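Please look over the model below before reading on. The report takes up charged pairs first, then a loop residue, then the surface.

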Amino acid sequence: MKRFITVRMWEETKDKLEQVRMDKSMKEKKIVSLAQVIDELVDEYFKKQK
């Protein structure tokens with residue numbers, strides 16, 4: 001059960017991250033990696049927490 005929930009959450013999160021990546025790529029008119037998007041989102045989150 002725990003594995004199913006983890007996989008399901010990853011699938012939903014991955015789809016949302018992919019949408020953010022595509023939006024960012026369109027906005028900047030260059031290819032942006034998924035890892036780069038995750039790094040930037042984590043950085044933004046930590047800045048807001050300070």
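A salt bridge joins the side chains of Glu40 and Lys24, with 2.9 Å from N to O. The model is a predicted one.

How accessible are the two partners? Lys24 is buried, because its relative accessible area is 18% and buried means under 20%. Glu40 is partly exposed, with a relative accessible area of 25%.

Another salt bridge is formed by the side chains of Arg21 and Glu18, with an N to O distance of 2.6 Å. Arg21 and Glu18 are three residues apart in helix H1, so about one helical turn separates them. Glu18 counts as partly exposed because its relative accessibility is 26%.

## The network

How many salt bridges does a search of the whole structure find? The search finds four. Lys24, Glu28, Lys30 and Glu40 are linked in a network of such bridges. As a general point, side chains of opposite charge can pair when their charged atoms come close.

## The loop between the helices

Lys29 lies in the loop between helix H1, residues 2-28, and helix H2. Is Lys29 buried or exposed? Lys29 is exposed, because its relative accessible area is 74%.

The backbone of Lys29 deserves a look as well. Its phi is near 55°, a positive value in a residue other than glycine. Most residues other than glycine have a negative phi.

## Met22 and Leu34

Met22 has its place in helix H1. With a relative accessible area of 36%, Met22 is partly exposed. Met22 and Leu34 are twelve residues apart in sequence, and their C-alpha atoms are 9.1 Å apart in space.

## A nonpolar patch and an aromatic pair

Which residues form a nonpolar patch on the surface? They are Ile38, Val42, Tyr45 and Phe46, and together they have about 370 Å² of accessible area. Tyr45 is found in helix H2, which covers residues 34-49. Tyr45 counts as partly exposed because its relative accessibility is 48%. Phe46 is partly exposed too, with a relative accessible area of 48%.

A search of the whole structure finds one aromatic pair. Tyr45 and Phe46 form this pair, with 5.6 Å from centre to centre and 65° between the planes. The arrangement is edge-to-face, because planes over 60 degrees apart count as such. In general, a pair of aromatic rings is described by the distance of the centres and the angle of the planes.

Terms used: Residues are numbered from 1 along each chain as its sequence is written. This is a predicted model: local features need pLDDT of at least 70, side-chain atom pairs count only at pLDDT 80 or more; totals for chains, interfaces and linings use all residues. Side-chain values use heavy atoms; hydrogens and water are left out. Patches are made of residues with over 30% relative accessible area and no salt bridge: like charges are joined within 9 Å, nonpolar side chains (Val, Leu, Ile, Met, Phe, Trp, Tyr) within 5 Å. Accessible areas come from the Shrake-Rupley method with a 1.4 Å probe; for residues, only the protein chains shown count as cover. Helices (H or I, at least four residues) and strands (E, at least two) are DSSP runs, numbered from the N terminus. Buried means under 20% relative accessible area, exposed over 50%, partly exposed in between (1.4 Å probe, protein chains only). Rings of Phe, Tyr and Trp (its six-membered ring) pair if their centres lie within 6.5 Å; planes under 30 degrees apart count as stacked, over 60 as edge-to-face and the rest as tilted.
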